[in-house]
2 protein chains.
Amino acid sequence: MELQLPRGMRDFAPAEKLLRDEVTNKLKATFERYGFNPLETPIIERWEILAAKYGGGEEILKETYKFQDQGERDLGLRYDLTTPLARYVAMNPSVKKPFKRYQIGTVYRDGPLKKGRYREFYQCDVDTIGTTNMLADAECVSVALDFFEQVGLNIEVRVNNRKLLVDVAKMFLDAEDEQQALAFILSLDKLEKIGAEGVIKELKEKGFTQDLSEVLALFDVSGDNASILESLKKAIPDEHDSGWSQQLSEVFSYTGNDPRVRFLPSLARGLGYYTGTIFEVFMADGSFHGALAAGGRYDNLVGDFMNSKESFPGVGISFGLEPIIEVLKDKQGEENLKKSTVQVYLVPIQTTEACVKFANQLRAAGVHTDMDLIGRGPSANFKYANAYGIPYVIVVGPDEVEAGVVSLKNMESGDEEKVSFEQALEKLSSLNHQK
Amino acid sequence: MELQLPRGMRDFAPAEKLLRDEVTNKLKATFERYGFNPLETPIIERWEILAAKYGGGEEILKETYKFQDQGERDLGLRYDLTTPLARYVAMNPSVKKPFKRYQIGTVYRDGPLKKGRYREFYQCDVDTIGTTNMLADAECVSVALDFFEQVGLNIEVRVNNRKLLVDVAKMFLDAEDEQQALAFILSLDKLEKIGAEGVIKELKEKGFTQDLSEVLALFDVSGDNASILESLKKAIPDEHDSGWSQQLSEVFSYTGNDPRVRFLPSLARGLGYYTGTIFEVFMADGSFHGALAAGGRYDNLVGDFMNSKESFPGVGISFGLEPIIEVLKDKQGEENLKKSTVQVYLVPIQTTEACVKFANQLRAAGVHTDMDLIGRGPSANFKYANAYGIPYVIVVGPDEVEAGVVSLKNMESGDEEKVSFEQALEKLSSLNHQK
């Protein structure tokens, strides 16, 4: 038997898992501060749901793990958390609106592997279903600003509105043809990366014959968000404003003048289902190539899923745990990751039963307590505690049990002191209150 | 398209998910207090690993979801967390021992559905790999006692040792034949449920022809754990004690005289890989039919997986989230479940921008804050807050913004007061410190 993992799958050893848990706990706490509640849907969905026209699309479906249960029903592993959300809301139409939920879970894509790409990875999504109010869009931006501040990353939230892109495409290109408008928008999305010349070249290759310099000039903007919006409103006649200027100005009014929020009129996002506000979060200094979070407004997705004429507008943002962890590990240094949550390690010297009692008293006081289970000598035990970065070690010999004392060693300073059981308990339990 | 879940899969709406999170958070906190650190392995494993001789066994394998990736490699969804742990330790033989890890995650079984049986469910496991010391076994018992106290359930931890059963089978039945010994042990396991007569009847049906009343008498025990152990030691000659009396007496010495720990000599547990201590946790009053947690010692599993002569003894206990939630929901009443984590709900009356600012100040102070996103009237908003059990509602009109005050309503008492923004902030943020 070959001992190995399936391709694209990973084990997370404690040091990495502790960091991942810390980050997802901060995401959860942030989501809850903004009034989102947790939803959990299963990892297995019916194939029909995953393959629905309004789901993730053809490309994603090719990469979806497919199988049957014993009843020969077609099933698949979810490729995102948005399609299950749409299915959930469609199945539970009486759920109170607006429905603000978050979900943190693994998704699966059987795609090509490269650096940073895995076949099992986490998505951490917040969505609000049931309102067209731009307050909900602004909340997504605020959640991102708040969370990245919690983890100490300097980011920029790029904001745009798909209506602007669609309107511009129609105005300049007579592109009533939706496919052509989409082709234009997807090239324009690269403006930040490849510049105006690059975009024009790509559009020509796609068969656009129009003079593109004028339309590209529109996106050659600078200044603060309000002034960019003003200049676009001036350059684009009102009949080509199907709502973007009002929506963007509302979003910016709710996010205040936060300098981390940047209006980027060329931003498009790939997915076809976005209908309004879109956002992407990048490191402010460009030190990481990809987006750390992204999302947008999708006013038709849920209704389409239900085949319903009732409107179920939605907006949400998805945080990518994998890129966030990659950036945080680079910043902290892999070698500095916390390896254990243990706060004190007990070394019994022929005092096992007394030590077990003391360990359980420490645990009852909330102290993360481990003890030698294999009867190593003191020096091997100190080495073990050191390797795991455990801050305190207590050695308990028979004389000490008799005298009611222990010798408590601070592993960082090297200081060692004889204290009573009670003093040790008090000192160690105060560690948690300082946190 | 039919909007439905695959058979055996469930959605967890916020009220149920909040309870599930509360319980898994308490499990995690308990596991960490006992010095266990988190490990995460993927949900997809190679089929060869899942089908390994020392894995979950034939029966489980029949119920395992199987599929291929695009490279036509055989894969499956994990059916437990023990086989992945054995695979992990075998793949990482240099991991420091004892290796104390916990894992909380979903597992999958495509089996028959009945009440309380699902095809996706959570297991919450703690295991210690690398020591034969009974301290590790006793820690499993302590973790169970501690956790169930945290969630307020009165349980009993039934403890036994597989060596006792194997020794008795050999002594009374000349059952050198391992299959026969196992058949005997599996019937004996039902003693608690069907009584001595039931067990004898079942054994006769299995083809046992010996006089079984003498051996059954051995298990007709009462008294405290120490006296049961003493009477067994008296009744069973030393040459039929391959270690059980010593091991059991050590475990009981470490768990103290906790009345919730009960030595049950007929306890067997089904799985073939247990080699020593075994435990099962039941409601003390018998109010729930199944086990809430169970586990035991498996000294050969990991080594067998590695095809190694080196010994990798292990012991662990697995908490079943599904039965625990079922019991807690029955106890609390489904209608009393917390429906939202929101602590205050803001109702702007033509004061949206001021309200957004205030909401963000509350969030910065750690208060879970939601606000009206759809411009309902005050009474509809109070109804909404009531439906979700949100404890406070704040109404902010234009005059109030001018005067720097808000009207804060306690939804439980119905009291309403006009206070300054700052006072409201202070009062609401103190909610979290009281917790």
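In chain A of this predicted model, residues 24 or more positions apart supply 68% of the contacts that have a separation of 6 or more. Chain A holds 17 helices and 16 strands. Of its 435 residues, 45% are buried, and the C-alpha trace of chain A extends over about 90 × 60 × 45 Å along its principal axes.

**Relation of the two chains**

Two copies of a chain are related by a rotation about an axis and a shift along it. Here, chain B is superposed on chain A by a rotation of 180° with 0.0 Å of shift along the axis, at an RMSD of 0.0 Å. This is the relation of a two-fold axis. Within chain B, Phe67(B) has the C-alpha nearest the axis, at 2.8 Å from it.

The contact between the chains draws 75 residues from chain B and 75 residues from chain A. On the side of chain B that touches chain A, helix H1 (residues 14-33) of chain B gives the largest share, six residues. The copies meet through the same surface, because 100% of the interface residues of chain B are also interface residues in chain A.

The table sets out the residue classes for two contacts.

| H7(B) with H8(B) | five residues | one residue | one residue |

**A helix pair in chain B**

Helix H7 (residues 178-188) and helix H8 (residues 191-205) of chain B have axes that come within 8 Å and cross at roughly 140°. H7(B) is therefore oblique to H8(B). From H7(B), the residues Phe184(B), Ser187(B) and Leu188(B) take part in the contact, and they meet Leu191(B), Val199(B), Glu202(B) and Leu203(B) of H8(B).

**A sheet in chain B**

Strands of a sheet pair through backbone hydrogen bonds, either parallel or antiparallel. In chain B, three strands form an open sheet in the order S2-S4-S3, with antiparallel pairing. Strand S2 (44-46) and strand S3 (66-68) of chain B are the edge strands, each pairing on one side only. On average, and with direction ignored, neighbouring strands of this sheet are turned by 40° against each other.

S3(B) and strand S4 (residues 74-77) of chain B run antiparallel and are joined by three bridges. Phe67(B) has Leu75(B) in S4(B) as its bridge partner. Phe67(B) is also the residue whose C-alpha is nearest the axis in chain B.

Notes:
Residues are numbered from 1 along each chain as its sequence is written. Chains are lettered from A and ligands numbered from 1 in the order in which they are written. This is a predicted model: local features need pLDDT of at least 70, side-chain atom pairs count only at pLDDT 80 or more; totals for chains, interfaces and linings use all residues. Copies are superposed by least squares on the C-alpha atoms of residues with pLDDT of at least 70 in both. Two residues are in contact if their C-beta atoms, placed from the backbone, lie within 7 Å. Helices (H or I, at least four residues) and strands (E, at least two) are DSSP runs, numbered from the N terminus. A residue is buried if 20 or more other C-beta atoms lie within 10 Å of its own, exposed if 12 or fewer, and partly exposed in between; C-beta atoms are placed from the backbone. Axes are lines fitted to C-alpha atoms, for helices over the stretch in contact, and angles run from 0 to 180 degrees between N-to-C directions. Angles under 35 degrees count as roughly parallel, over 145 as roughly antiparallel, 65 to 115 as roughly perpendicular and the rest as oblique. Ala, Val, Leu, Ile, Met, Phe, Trp, Tyr, Cys and Pro count as nonpolar, Asp, Glu, Lys and Arg as charged, and the others, Gly among them, as polar. Two strands pair if DSSP finds at least two bridges between them.
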